[in-house]
Amino acid sequence: MSELVKRYTARERANHWFVALCFILLAISGLALFHPAFFFLSSLLGGGTWSRILHPFIGVLLAISFFGLAARLWTQNRISDADREWKKRLGDILCNKAGNLPEIGKYNIGQKYLFWTLVVCIAVLLLSGIVIWQPWFTPYFPIVLVRLAVLAHAVAAFLAILAIIIHIYSAIWVKGSIRAMTRGTVSAAWARHHHPAWYKEINKGS
Amino acid sequence: MALQSLDIKARSATTTQPPVVRDPVHVAKLIDISKCIGCKACQVACMEWNDLRDEVGTTTGTYDNPRDLTDQSWTVMRFSEVEVQPGRLEWLIRKDGCMHCEDPGCLKACPAPGAIVQSVNGIVDFHEEHCIGCGYCITGCPFNIPRISKKDGKVYKCTLCSDRVAVGLEPACIKTCPTGALVFGSKRDMIAHAEGRIADLKERGYANAGLYNPEGVGGTHVMYVLQHADQPELYAGLPKDPHISPMVSLWKGITKPLASFGLGLAVLAGFFHYMTAGPNEVEEDKEHTS
């Protein structure tokens, strides 16, 4: 490993991992209540009742920390024409045989879709979660809204977990990515290959 | 509570068959509203047998007392003053409580294994020791019956005195009713009994008298004889066509297995992609020369 490029500050990494830990706890306790096949997961949080009690509090922590991180990354996730061109080559990219790709910035369109999916899903999860938060808030909402909220919560959670599975797999698949979040740096070669426009931009100043 | 003599037809959050070797008589409680005088002896009997003591409430100018179902009040009388025809006031008194649906929305929604069980005889019972307090049963119930306790965060409702029925006794409310408005027996007998009552009511001028045993929830094991069966809403908002909300059915129906399968599939897709396409690596030297 020769040259390294800074991708995330310590604060961004801490923020990301705080969100990630909350997400894992939420997925465990949420899936436990979603399908009986996952109920055993509730043991990891101390049983069904503890899962029910803790889940909404962790959810609030996630929402606050996630939107804190999202605010930092908001402008970098606008979808550009280069992203759309890049998307057309997705088949080749997945087969590891893509060359001459359009030059993309700090994030590719997959990462941007992930970002916006999570922004929408977490907003829905937060709002619907408040409606179904027993025993504190649910009694104040009409039953029709509560029923809509449980359904919306399940659908948004499904999409969010699916997005995170893709997110984690992408990090495993694209070698050299994980260190961006564990060490804060990536190799210059990685940056040039995966995010050439971003690489050029950060080198402009130096 | 779990009783050896009550075989279980359905158990919340359980995907395998619960024990059902025996086929006991399907029971039902029949509430003949035309015979009810609103004495609330059934409320007292319920409190006594189940050892419940609600807080003393406030009066609001009606006879409803307590004003609503609570974790301590599993049955309440609801008094409605209704002018069914102009100039003819009727006082309709409905004993409210769990209807013990054949297709229980509470059980369908419950995520805690064994917190709600449906006995083969038709009783839908909450086993509070397994309850996690999420309130999903309230979301699933078409009759607005379960109540979360502020004391322990568990949900309570009428058990149809499952403990009494299990040993061959009738529910406490039935035992105490002084007018015979409440009767208990096999569901078939109760329907036959109701037919006699309905014929009698029709003879006495209640042309729309009928049995309330709503099909939308597969029938219920608590049934009403109504003088005005065409307008059940007159009886303190008894729903005309109760059914499990489509949102609850969607959430706890097809979505559950399909979404779980989808998540599993996504993980497998990733695994096999990695094993076939391989990792996406950047070669340092090649990048330097390019």
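**A buried strand and its surroundings**

Author: Within β11(B), B:Val222 is the bridge partner of B:Lys29. This pair belongs to a parallel arrangement in which 4 bridges join β2(B) to strand β11 (residues 222-226) of chain B. The model is a predicted one, and what follows should be read accordingly.

Strand β2(B) also pairs with strand β9 (residues 182-186) of chain B, here in the antiparallel sense and over 5 bridges.

The burial of the strand can be stated residue by residue. On one side of β2(B) are B:Val27, B:Lys29 and B:Ile31, on the other B:Ala28, B:Leu30 and B:Asp32, and all are buried, so that both faces are covered. Because 6 of the 6 residues of strand β2 (residues 27-32) of chain B are buried, the strand is largely enclosed by the rest of the structure.

The loop between β1 (8-11) and β2 of chain B contains B:Ala13. Phi of B:Ala13 is near 50°, a positive value in a residue other than glycine. Most residues other than glycine have a negative phi. With 23 C-beta neighbours inside 10 Å, B:Ala13 counts as buried, the cut-off being 20 or more. B:Ala13 is also touched by B:Cys110, whose other contacts beyond four places in sequence include B:Ser12, B:Ala115, B:Ile116, B:Tyr136 and B:Cys137.

In soluble globular proteins, nonpolar side chains tend to be buried together.

B:Ile191 is placed in helix α6 (residues 187-203) of chain B. Its C-alpha atom is separated by 8.6 Å from that of B:Met223, 32 residues away along the chain. B:Ile191 is partly exposed, with 15 other C-beta atoms within 10 Å.

The centres of domain 1 and domain 2 of chain B, taken over C-alpha atoms, are separated by 49 Å. Buried residues make up 42% of the 290 residues in chain B. Of its contacts between residues at least 6 apart in sequence, 62% join residues at least 24 apart.

Chain A is built from 9 helices and 2 strands, and its C-alpha atoms fill a box of roughly 55 × 30 × 30 Å along the principal axes. Here 33% of the 206 residues are buried. The two chains meet where 36 residues of chain B are in contact with 37 residues of chain A. On the side of chain B, the elements that give two or more residues are α7 (246-252), α8 (255-277) and α9 (284-289). Of these, α8(B) gives the most, with 11 residues. By class, that side of chain B has 19 nonpolar, 13 polar and 4 charged residues.

Some backbone features remain to be noted. The peptide bond from B:Asn65 to B:Pro66 is cis, with omega near -5°, and B:Pro66 lies in the loop between α1 (41-50) and β3 (76-85) of chain B. In chain A, the bond from A:Gln134 to A:Pro135 is likewise cis, with omega near -5°. A:Pro135 lies in the loop between α5 (109-131) and α6 of chain A. Most peptide bonds are trans.

Methods. Residues are numbered from 1 along each chain as its sequence is written. Chains are lettered from A and ligands numbered from 1 in the order in which they are written. This is a predicted model: local features need pLDDT of at least 70, side-chain atom pairs count only at pLDDT 80 or more; totals for chains, interfaces and linings use all residues. Two residues are in contact if their C-beta atoms, placed from the backbone, lie within 7 Å. Ala, Val, Leu, Ile, Met, Phe, Trp, Tyr, Cys and Pro count as nonpolar, Asp, Glu, Lys and Arg as charged, and the others, Gly among them, as polar. Domain bounds come from an automatic or database domain assignment. A residue is buried if 20 or more other C-beta atoms lie within 10 Å of its own, exposed if 12 or fewer, and partly exposed in between; C-beta atoms are placed from the backbone. Two strands pair if DSSP finds at least two bridges between them.
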